[in-house]
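Please look over the sequence and the structure shown below before reading on. The report then takes up a few places in turn.

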Amino acid sequence: MSLMLAEPAPRKPPDTMTATSYDLHGIRVLACAPDGKNLRSDRDAVELIAEAIQHEAGLILIPVERFADDFFRLNTRIAGEIIQKFVTYRRRLAIVGDISRYMEESSAFRDFGYEANRGDHVLFVANPEELDKKTYAHAAARRLPPAPSP
């Protein structure tokens, strides 16, 4: 009696967020492609953070296209839930692209974006060149020698 084994079904690759990693002023960056999976919840953020950890990236660059409009409406709390995951896992987040529409629609979001850019965890930048400048300034500030004692 011969036993026939069925061939295993082909495995579908996981629905990961297409990304590349590189170094920028001494900081490892995971840059997500604009056409990948949208971030809609804190679970999506954790998946992306896990990918960043695999790449040893401390800064995650996400194009604005990867976020649903609800992310930019602070009353939905989606932005807070997603950003909290990045803070918890000690990963910096850079959202790259044109957010002017959201800034015009909501004074709360405009204030949030302004305060976020003053901090160290979340950056809203218009393009990669602006990210390069802000990252360079941040890296340079970390390398400054301590101020002399009076």
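In which loop does Glu56 lie? Glu56 lies in the loop between helix H1 (42–54) and strand S3 (59–63), where helices (H or I, at least four residues) and strands (E, at least two) are DSSP runs, numbered from the N terminus.

## About the model

This is a predicted model, in which local features need pLDDT of at least 70 and side-chain atom pairs count only at pLDDT 80 or more, whereas totals for chains, interfaces and linings use all residues. Residues are numbered from 1 along each chain as its sequence is written, and side-chain values use heavy atoms, with hydrogens and water left out.

## Residues with a positive phi

Most residues other than glycine have a negative phi. Glu56, which is not a glycine, has a positive phi near 55°, and Glu56 counts as exposed because its relative accessible area is 67% (exposed means over 50%, buried under 20%, and partly exposed in between, with a 1.4 Å probe and protein chains only).

Arg90 is also not a glycine and has a positive phi of about 55°; Arg90 is found in the loop between helix H2 (78–88) and strand S4 (92–96). With a relative accessible area of 73%, Arg90 is exposed.

## Strand S2 and its partners

In strand S2 (residues 27–32), 5 of the 6 residues are buried, so the strand is largely enclosed by the rest of the structure. Strand S1 (residues 19–24) pairs with S2 in the antiparallel sense over 6 bridges, pairing being assigned if DSSP finds at least two bridges between two strands. Leu24 has Ile27 in S2 as its bridge partner, and in the hairpin of S1 and S2, which has 2 residues between the strands, His25 takes a positive phi near 55°.

S2 also runs parallel to S3, joined to it by 3 bridges, and Ala31 stands opposite Leu61 in S3. Together, S2, H1 and S3 make a right-handed β-α-β unit, where right-handed means that, with the strands pointing away from the viewer, the path from the first strand over the helix to the second runs clockwise.

## Thr135 in helix H5

Thr135 lies in helix H5 (residues 128–143) and counts as buried because its relative accessibility is 0%. A polar atom of the Thr135 side chain lies 2.7 Å from the backbone oxygen of Leu131.

Which residues is Thr135 in contact with, leaving aside its neighbours within four places in sequence? They are Leu24, His25, Ile27 and Leu59, contact meaning heavy atoms within 4.5 Å.

Key. A polar contact is a pair of N or O atoms within 3.5 Å; within protein, one must be able to donate a hydrogen and the other to accept it, and residues adjacent in sequence count only if both atoms are side-chain atoms.
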